[in-house]
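Subject: Structure for you to look at

Hello,

Here is the structure I said I would pass on. Please open it first and keep it beside you while you read my notes below.

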Protein chains: 2
Amino acid sequence: MISEDKIIQDLKTASRGFIGDDAAILPHVNPGNRYVISKDVFIEDVHFRTSYFTSADLAHKALHVNLSDIAAMGAEPLYILCGISIPSNEQDYAIRFLDSLTAICQNIGVTLIGGDTTASLDRLFVSITALGQAPEANIKYRNASKVGDLICVIGNLGFAHLGFLGLEQSLTTSTKYINSFLRPQAKIKEGIWLGNQPVVSSMMDISDGLYIDLKRLASSSKKHAVIDMDWLQSHLTPEVSLHIALEGGEDYGLLVTVHQDSLEELSYRFTESFGYNLKIIGHITNGEGVSFTEDNKPAEIIVNHFAHFGERL
Amino acid sequence: MISEDKIIQDLKTASRGFIGDDAAILPHVNPGNRYVISKDVFIEDVHFRTSYFTSADLAHKALHVNLSDIAAMGAEPLYILCGISIPSNEQDYAIRFLDSLTAICQNIGVTLIGGDTTASLDRLFVSITALGQAPEANIKYRNASKVGDLICVIGNLGFAHLGFLGLEQSLTTSTKYINSFLRPQAKIKEGIWLGNQPVVSSMMDISDGLYIDLKRLASSSKKHAVIDMDWLQSHLTPEVSLHIALEGGEDYGLLVTVHQDSLEELSYRFTESFGYNLKIIGHITNGEGVSFTEDNKPAEIIVNHFAHFGERL
């Protein structure tokens, strides 16, 4: 069996002195700033398969899924802790995973400050805790969308789900979809930028799918969200159906609501900063839940409940 | 399948408003204080069995194992995040686990501020991240033991391992040992108290066993630790052999080094505060590693390497 002390020794080198005690000590936040913290779990054959996730893909995805949560608050990711449980036949994979994880962290300025390594019987388990920092005034919540706000998506819709289907069913699928599933890019810079825009009333990331995540935002804000199917359709590539756009998860884009009078100017500055466009998909009204319009008329759309990747396999 | 939203709804009620966004926002630390953070992983059939761990036992243990890390830094535990992955046939167990976890947290003044719930294929997986706070000057490290310091243990040695053996081999074993394994008590108050004592030069918790953890403390301090077998023996109950005391893990006591001239007074005040005694087991010298003496002469003791519970099953 792999020695826990050996792994910890290797991680210590990459952790700039954080690892080595029972707990890591967090540096002080900058004045006026706050820490935000989130945690995700990744399980073999539920969230990933080692047959098509290389250890570097898994490191990228486990990290970015967490950093996406931090970015969705308007915060800058700074630290992670990584818990990993390793079956005896996957020790090499796990060591390469940890090597990739520390390398990717170094590249993006995130420091691994702690964790836990244990044995596992038959599946690899990874759990990452991520910490970020933001000026208190920049932190965005789900519960503050206002009636009349426009709903915008940052990033692609349905790409990761198409990649997932391609990999699971061995279909010929464009690498852009495959990569969206294997290596989603957390919208880190975009999240920090949007956190700094007072006209953004609420923000969250899209992890489980546009429909269910928008429903959460609406519920949290005690408002009703209307998706304009014509607008939504206009943002999709030919391979992405409306259903995949609504139900497909794991794209890790951002969902934001913006004061309607301010959107044009914000949208212009966003494109100027990031080289791609915000996608307007609907608006917020009084009420609850999510509904649809098409040709300016109410539309009935049956949305399947998305639960977890593991249940779709 | 259990609905993630339903679980999150229940947890929200217990989380005093922390849960509901992509990440939880940490309150500011008190002036002069620092946050400390640690993370542990618990896997079914590696760290626990549902056959003899009730859901409440598991909640207690998963929590206390983490709080022990916080206490070992001299800090007060304040917040946790809990990641849990639930196989379909253990949903009731998992819901009772989460109910117990929130109840125990409330009892000891710890707040659940976030986490992740997912499906699992066949084993329950729990990962807890714990955060605590301490005055900066009180934080204790492993690397600061000094030549001449006496080595002390706070808590029992070998109790949890005897309980583990009793449960695994269906032996008649005293409930005090069984409970030590199923429900170890993190030395929270003791850790905070010891953090406040400048004569305590280093501190860590004993999670993997006295020998291996003392070796880590010595290595971190770049010193040599000597265990006096007569002293150690004097602290053991008749059922606990020297080998079980040295190699048995999961007692979650504390290991501290104390300036020799200050120990008598510290020991007196400790007993007065907590109603039980510190156990002196050895001293720190120059060199490296851990060695033994018996009748004031060097003694050769073969210590088996302890790795993980999963490998001992």
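Helices here are DSSP runs of H or I with at least four residues, strands are runs of E with at least two, and both are numbered from the N terminus. Axes are lines fitted to C-alpha atoms, for helices over the stretch in contact, and angles run from 0 to 180 degrees between N-to-C directions.

Before going further, a note on what you have. This is a predicted model, in which local features need pLDDT of at least 70 and side-chain atom pairs count only at pLDDT 80 or more, while totals for chains, interfaces and linings use all residues. Residues are numbered from 1 along each chain as its sequence is written, chains are lettered from A and ligands numbered from 1 in the order in which they are written, and side-chain values use heavy atoms, with hydrogens and water left out.

The sheet shared by the chains

Two strands count as paired if DSSP finds at least two bridges between them. Contact means heavy atoms within 4.5 Å.

At one position, B:I43 stands opposite B:F125.

The two copies

How are chain A and chain B related? A rotation of 180° with 0.0 Å of shift along its axis superposes chain A on chain B, with an RMSD of 0.0 Å. The superposition is by least squares on the C-alpha atoms of residues with pLDDT of at least 70 in both copies. The two copies are therefore related as by a two-fold rotation axis. Both use the same surface, since 100% of the contact residues of chain A recur in chain B.

The other sheet in chain B

In chain B, 7 strands form an open sheet in the order 7-9-6-10-8-11-12, with mixed pairing. Strand 7 (200-206) and strand 12 (297-299) of chain B are the edge strands; each has a single partner strand, so one side of each is left without a neighbour. From one strand to the next the twist averages 35°. Strand 8 (residues 224-228) and strand 11 (residues 289-294) of chain B run parallel and are joined by 5 bridges. One of the bridge pairs is B:H224 with B:G289.

Chain A, strands 8, 11 and 12

In chain A, strand 8 (residues 224-228) and strand 11 (residues 289-294) pair in the parallel sense over 5 bridges. Here A:A225 has A:V290 as its bridge partner. Strand 11 of chain A also pairs with strand 12 (residues 297-299) of chain A, in the antiparallel sense over 3 bridges, and A:T293 is partnered by A:P298. The hairpin of these strands has 2 residues between them, and A:D295 takes a positive phi near 50° there.

A helix pair in chain A

The axes of helix 4 (residues 159-168) and helix 5 (residues 175-182) of chain A come within 7 Å and cross at roughly 100°. That makes helix 4 of chain A roughly perpendicular to helix 5 of chain A. Angles of 65 to 115 degrees count as roughly perpendicular, under 35 as roughly parallel, over 145 as roughly antiparallel, and the rest as oblique. Among the residues that meet are A:F159 and A:L162 of helix 4 and A:Y177 and A:F181 of helix 5.

From the record

The unreviewed UniProt entry annotates A:D22, A:S38 and A:D69 as "binding site". They are spread over 48 residues of sequence and up to 25.9 Å in space between C-alpha atoms. A:D22 is in the loop between helix 1 (4-14) and strand 1 (24-25) of chain A. UniProt positions are given in the numbering used here, feature names are shortened, and annotations may be inferred rather than shown by experiment.

Regards
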